Amino acid sequence: MFNQKPFSLRQWCLFCLALLALFTSVFAQKPQTESPASERRKLFPAPTVGLEVITSRQTEPVYKGIVGHFSIARDALAIVNTETAKDFSLVEVQAEMVTGVIRVRLSVIYNKLSEPQWWKNKKEKMVGEYSIAIGEFLRPAELLQFGIEPFEIKAISFNPVVLKRDEYPRIFNPSNAIEITEVEKSVAGYRFTIKNVSDKTITAVEMRSGSNGLGAGDIKPGETYEAINRFSSTNIEKYGLTIKMILYNDGTYEGDAKSASRYLARNEGYKIQAAKLLPIIEQALAVSDEELPDVFIKMEADLWQMQEAMDKPTAIEFLKTQYPAFDEPTISMLYEEFKSGFYNARNTLLMNMGPAKKDVEAQSQNYSKANQVTMFRGILTRLKETMMKTVSSNN
């Protein structure tokens, strides 16, 4: 059952971010403006500065990558005083960009890393804080106090390099619907730009490289898409890139059937729950303006207690009918996706209704009855359109 307490403000924020990240939400409400087919969707710029850490123990850098939080294992460091250094396990590095320089904080960690969740009771000693200009380096002499030979920390500038076609890594792309139009390599890894060269909108595409996975969605015909994340250089150079599955907005797919079924089951769950939600919205819209604010607030509260569209046994039987070739473990996996579709549909309403309700309750003096009615009726009308579009869709 849907039986949850209302979210705190922090939980709402986290939930919003998580929902926005669901590229596979076929039925999520979208802006009405269409972007040109030639638009390149580059969601985040590539980093242009990073850090390189070099010790005398290794010929290769022990770290070379983006500015952030990382650690250097004891085995990678040279020890100059075994007695002083006998208890430490690693050196922790925390770095951030601040007004044109990289600020670095070093600390020595003394926990036993074999202990579960050792980081919850971190035993550390501060080495120091330093600022490094781009292109410069330092060797913190304070490390000697901990029995560690000072290592070199260099602030490096790196710009991504767009590879030529003959420099591309191995790419396994069995589909004619997607074209790899650009491959970019940087210290952060590989980024692939893909283009939908089919005549159908791609709802979801899954790409794999070893243990790395990447997804994209809502790619219209002729549109190119630059992924949010990057594949690690290690995985790409070892395994190459595989286009594992492509799902279209009409419910058809290419590639791995189990991968496609995850999205289809989730979407089907959304659609089934939407059919239960639509008459509730229509009933609310049918009441008078005088009644609407109270009905809206009660409806939002009732949604938290709303039953799932199907109980588990019924849902399992439904999925077995839909996917007769799949074994029990796969059906169980699909049930979780199917059920998440129920939640996603209900949460579409809550994400729109909850903030409006809270705003009115917190600032009641700023909202006349007429203003409440206008806002609430507008929200319900948009939600009705979203649910109707979902219920009438082909997948």
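**Contacts, rings and helices**

Reader: Which residues does Lys 195 touch?

Author: Contact means heavy atoms within 4.5 Å. Residues up to four places away in sequence are not counted. On that basis Lys 195 touches Ala 177, Ile 178, Glu 179, Thr 181, Gly 222, Glu 223 and Thr 224.

Reader: What kind of model is this?

Author: Residues are numbered from 1 along each chain as its sequence is written, and side-chain values use heavy atoms, with hydrogens and water left out. Local features need pLDDT of at least 70, side-chain atom pairs count only at pLDDT 80 or more, and totals for chains, interfaces and linings use all residues; the model is predicted.

Reader: What share of the residues is buried?

Author: Buried means under 20% relative accessible area, exposed over 50%, and partly exposed in between (1.4 Å probe, protein chains only). The chain has 395 residues. The buried share is 44%.

Reader: Is Lys 195 buried, exposed or partly exposed?

Author: Lys 195 is in strand β13. Its relative accessibility is 30%, so it counts as partly exposed.

Reader: How far is Lys 195 from Pro 221 in space?

Author: The two residues are 26 apart in sequence. From C-alpha to C-alpha, the distance is 8.2 Å.

Reader: Which residue forms one aromatic cluster with Phe 192 and Phe 231?

Author: The cluster contains Phe 192 and Phe 231.

Reader: How far is the charged end of Lys 200 from the ring centre of Tyr 248?

Author: A charge sits over a ring if NZ of Lys or CZ of Arg is within 6 Å of the ring centre and within 35 degrees of the ring normal. Lys 125 does this over Tyr 110, at 5.2 Å. For Lys 200 over Tyr 248, the distance is 4.4 Å.

Reader: Are α3 and α4 roughly parallel or antiparallel?

Author: Axes are lines fitted to C-alpha atoms, for helices over the stretch in contact, and angles run from 0 to 180 degrees between N-to-C directions. Under 35 degrees is roughly parallel, over 145 roughly antiparallel, 65 to 115 roughly perpendicular, and the rest oblique. The axes of α3 (residues 257-286) and α4 (residues 292-303) come within 10 Å and cross at roughly 160 degrees. That makes α3 and α4 roughly antiparallel.

Reader: What classes of residue make the contact of α3 with α4?

Author: From α3 come Leu 277, Ile 280, Ile 281 and Ala 284; from α4 come Leu 292, Val 295, Met 299 and Leu 303. Ala, Val, Leu, Ile, Met, Phe, Trp, Tyr, Cys and Pro count as nonpolar, Asp, Glu, Lys and Arg as charged, and the others, Gly among them, as polar. There are no polar and no charged residues here, and eight nonpolar.

Reader: What is the phi of Gln 117?

Author: Gln 117 lies in the loop between β6 (101-109) and β7 (124-133). It is not a glycine, yet its phi is positive, about 50 degrees.

Reader: And what is the phi of Asp 218?

Author: Asp 218 sits in the loop between β15 (212-216) and β16. It is not a glycine either. Its phi is positive, about 55 degrees.

Definitions and conventions
Helix = DSSP H or I, 4+ residues; strand = E, 2+ residues; numbered from the N terminus. Phe/Tyr/Trp six-rings, centres within 6.5 Å; stacked < 30°, edge-to-face > 60°.
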